[in-house]
Amino acid sequence: MIDLDDTDRAILACLLEDGGLSARAIGDRTGLSQPSCWRRIRRMEDAGVISGRSLKLNRQALGFDVVVFLGVKLAGKGRVSLEDFERAVCSIPEVQLVQHVLGIYDYRLKVVARDLSDFERILRRRIMTLPGIGEVESNVLLTEFEGRAQF
């Protein structure tokens, strides 16, 4: 763990907004020189504060207009290993996120589909045939908002 000052927080805010920004562009926005900005970014990477930069795809532009969150309860935890379920569910391309959670369900999945009939096909042919699958609850995403991270 490292101490972050206001400049470090400003750099992180820039990277959260656009992870592809160069150290020069971030430096211009934060009032730092490119080398100074690069050293701060490198220090935060080395400390594990920044663990990588990712690319965000526009799912609608790719033809995936439906997002469904599934709560999954495994049928019999002793009959199938969690690893078998996780390996199988992670092999489904439409499953974008798999979270092992505490609570009513064992897993939470984020699934993308082209439309509701495509989702039904994914649910029937892929999700409901997973090893150990039990109860499934679906929640269709209506609107999504991104919050701003505070440090």
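A salt bridge, as the term is used here, is a side-chain nitrogen of Lys or Arg within 4 Å of a carboxyl oxygen of Asp or Glu. The structure before you is a predicted model, in which local features need pLDDT of at least 70, side-chain atom pairs count only at pLDDT 80 or more, and totals for chains, interfaces and linings use all residues. Residues are numbered from 1 along each chain as its sequence is written, and side-chain values use heavy atoms, with hydrogens and water left out.

I begin with the charged pairs. The count comes to 12 salt bridges. Asp5, Asp8, Arg40 and Arg43 are linked in a network of them. Helices (H or I, at least four residues) and strands (E, at least two) are DSSP runs, numbered from the N terminus. In helix H1, residues 6-17, arginine 9 and aspartate 6 are three residues apart, and therefore separated by about one helical turn; their side chains meet in a salt bridge at 3.7 Å, N to O.

Another pair joins lysine 56 and glutamate 146, at 2.0 Å, N to O. This pair links distant parts of the chain, 90 residues apart: lysine 56 is in the loop between H3 and S1, and glutamate 146 in the segment after strand S4 (133-140). Both residues are exposed, where exposed means over 50% relative accessible area, buried under 20%, and partly exposed in between (1.4 Å probe, protein chains only).

I turn now to the interior. A nonpolar core is a set of buried Ala, Val, Leu, Ile, Met, Phe, Trp, Tyr and Cys residues joined through side-chain atoms within 4.5 Å. Which members of the largest core touch the most other members? Among its 19 residues, they are Leu70, Val72, Phe85, Leu109 and Ile127. S1, helix H4 (82-90), strand S3 (107-113) and helix H5 (116-127) each supply at least two residues of this core, and the largest share, five residues, comes from S1. A second, separate core of 12 residues includes Leu12, Leu15, Met44 and Ile50.

Finally, the cysteines. With a disulfide taken as a pair of cysteine sulfur atoms within 2.5 Å, the count comes to zero. For cysteine 37, the nearest cysteine sulfur, that of cysteine 14, is 7.7 Å away. Is cysteine 37 buried or exposed? At 0% relative accessibility, cysteine 37 counts as buried, whereas cysteine 90 is exposed, with a relative accessible area of 53%.
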